[in-house]
Every structure is written in C-alpha cells, then in structure tokens.
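Colleague: I have a model open on my screen and would like to learn how to read it. Could you walk me through some features?

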Amino acid sequence: RVSHSQPSLPKSPRVLILCYHELADDELSPWILKPATFAEHVEILIDHGYQFDAIPRITENVTATDKRVAITFDDGIIGCIRHARPILAKHNIRATFYICPGYTNGTVAAYRPLTFMNWEDIQELAVDHDIGAHSLTHCIFDHLPRDQRLQELAGSKAVIEDRLGRPCRDFATPYGYADYELMAVAQTVGFSTLVTTDFGPNRVVEPLRLQRWEVHSPGTRTEFTAKLHEIEALA
C-alpha cells in the first residue's frame, strides 16, 4: 500500500531577539515603554515557553525544537538601569545592552533629548549583563565609506573594552542597517555577532546578521501577543 501523505518538514530553530530602547513612566515617543509594560512582555514570553539567553550564547547549539529569546536594549539610556535591571533580575534574565560611547561621553548630540547612563552605571550593569557596541557616534552606515565604518566599529569596541576591562564582541548597527561590507568589517575588527532591526525570527542563525523585533509603545498585552503570534508563524 502506497502512502500519499506528505512527509513532515523539519522544524526550523526559533531564535527570537527583542530590541528595546527606553523604559520610563511617560510614553512620550514610540521608543519609550512603561516599566510595567516591559515586565508584562517578559511574563508573556515565559508563558509561551521561551528560554531566555543573552546574545553571546543565543547562537550556540541551536536545535530544531528550541524556543530561545534574547532581550536587548540600544543606546544606553538611563532607564535601562533604573527600570529594566530590577525586572530582569526578578526573572534571572541576562540581557545585552548596546552602548554608543559618543552618547555616554556627551560628545554626540542624541536624536532627541535623553539622559544616558554614565560609565559607572555601565560598569555596574556589566556585573550581570553583557555590554555590546552601538558605534561611536550612532551614525547612518548606508553611504559611509569603508574606512569610516572601520573607525566606527573598531573605535566603539576599543572604548568599551578600555572602560570595562573585558572583551566586547557584540555589535548593534544603528537604525538597523547592515550590508555584506558592514558584516565583513564587523568580523575583521573582532565582533562575533551583529544585530539588525530586520523583523523576523532567526530561522537560519547567522551570527553576523541577526534579525530583531523592535518593540514600540504602547505595546499592550493584546498587541504584543498578536505580534508574537505573527513572528512565530514566520518560523
């Protein structure tokens, strides 16, 4: 007897990476979420069976049955340590925070009025979390020549390593832009991972072109759950 049933397809790994920017009591822009909203997102992910891991390990030993998620924060805004750190500690979650030294040092004007963590804050955060680079000046890489790209990546890496006394191997490209040249430069200067803000799950895990879900406010339970179902369907 011949079976005409279709063979089952192998499952793809589901590596989900979330990108946040700022937590504050007032949602004055799409990049600001209330701390209670972020806490609710974490609980939803737990309820959906996700295992939390930080960026340096999220690409290791991935299997077809994995449901792994990483929490990331861009820019190094002060709300990260004031609001995100206690929530992450409650659930024993190690997150990755991408720092732009130009913002931290006050040598680069931010895209809107913001207060950033200082180096003492970042050193404190680094006790329990991973610190990545977010370029020197939060530049737009689209039309930047290779030598300037090299300066932005290598420079930010060097500053963070000097301040923290440990290797910095993870990079988040500003505005989510990445092309093959930028990936090659990242690898040349010693980064192991590069994250974008291309929306989607990481079915084929490419450490130097990882997709992220950039979470915007208001991010209600209904909206977040619907978006989570959407991204799960893509996997």
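Predicted model: local features only at pLDDT ≥ 70, side-chain atom pairs only at ≥ 80, totals over all residues.

Colleague: Let me start with helix 6: what span should its 19 residues have?

Modeller: Helices (H or I, at least four residues) and strands (E, at least two) are DSSP runs, numbered from the N terminus. The expected span of a helix is 1.5 Å times one less than its number of residues. For helix 6, residues 146-164, that gives 27 Å, and the end C-alpha atoms are 27 Å apart, which agrees.

Colleague: Which residues of helix 6 are buried?

Modeller: Buried means under 20% relative accessible area, exposed over 50%, and partly exposed in between (1.4 Å probe, protein chains only). In helix 6 the buried residues are R149, E152, L153, G155, S156, K157, I160 and L164. Their cover includes strand 6 (96-99), helix 4 (101-105) and helix 7 (180-189).

Colleague: And what does helix 1 look like by the same reading?

Modeller: Helix 1 has 13 residues (35-47) and should span 18 Å; its end C-alpha atoms are 19 Å apart, which agrees. Its buried residues are P35, T37, F38, A39, H41, V42, I44 and L45. G49, with a positive phi near 85°, follows helix 1.

Colleague: Where is H134, and is H134 buried or exposed?

Modeller: H134 sits in the loop between strand 7 and helix 6. Its relative accessible area is 1%, so H134 is buried. For its surroundings we use contact, meaning heavy atoms within 4.5 Å. Not counting residues up to four places away in sequence, H134 touches D74, D75, Y98, I99, C100, F171, A172, T173 and P174. A polar atom of the H134 side chain lies 2.7 Å from the backbone oxygen of A172. H134 and K157 are 23 residues apart in sequence, and their C-alpha atoms are 8.8 Å apart in space.

Colleague: How many salt bridges are there?

Modeller: A salt bridge is a side-chain nitrogen of Lys or Arg within 4 Å of a carboxyl oxygen of Asp or Glu. By this rule the count is 13. One of them pairs E40 with R221, the closest N and O atoms being 3.2 Å apart. E40 lies in helix 1 and R221 in helix 8, so the pair ties together parts that are 181 residues apart in sequence. E40 is partly exposed at 24% relative accessibility, and R221 is partly exposed at 38%.

Colleague: Which residues are linked in a network of salt bridges?

Modeller: D53, R57, R68, R94 and D130 are. Within that group, the side chains of D53 and R57 meet at 3.4 Å, N to O. D53 counts as buried at 19% relative accessibility, whereas R57 is partly exposed at 31%. D130, in strand 7, counts as buried at 12%. A polar contact (a pair of N or O atoms within 3.5 Å; within protein, one must be able to donate a hydrogen and the other to accept it, and residues adjacent in sequence count only if both atoms are side-chain atoms) is the next term. One of 3.0 Å joins the side chains of D130 and R94.

Colleague: Which residues form the nonpolar patch on the surface?

Modeller: Patches are made of residues with over 30% relative accessible area and no salt bridge; like charges are joined within 9 Å, and nonpolar side chains (Val, Leu, Ile, Met, Phe, Trp, Tyr) within 5 Å. Accessible areas come from the Shrake-Rupley method with a 1.4 Å probe, and for residues only the protein chains shown count as cover. Here Y111, I140 and Y175 form the patch, with about 330 Å² of accessible area together.

Colleague: And the backbone angles?

Modeller: Most residues other than glycine have a negative phi, and most peptide bonds are trans. Y175, though not a glycine, has a positive phi of about 60°. N92 is not a glycine either, and its phi is positive, about 55°. A cis peptide bond joins S217 and P218, with omega about 5°.

Technical notes. Residues numbered from 1 in each chain as written. Heavy atoms only, no water.
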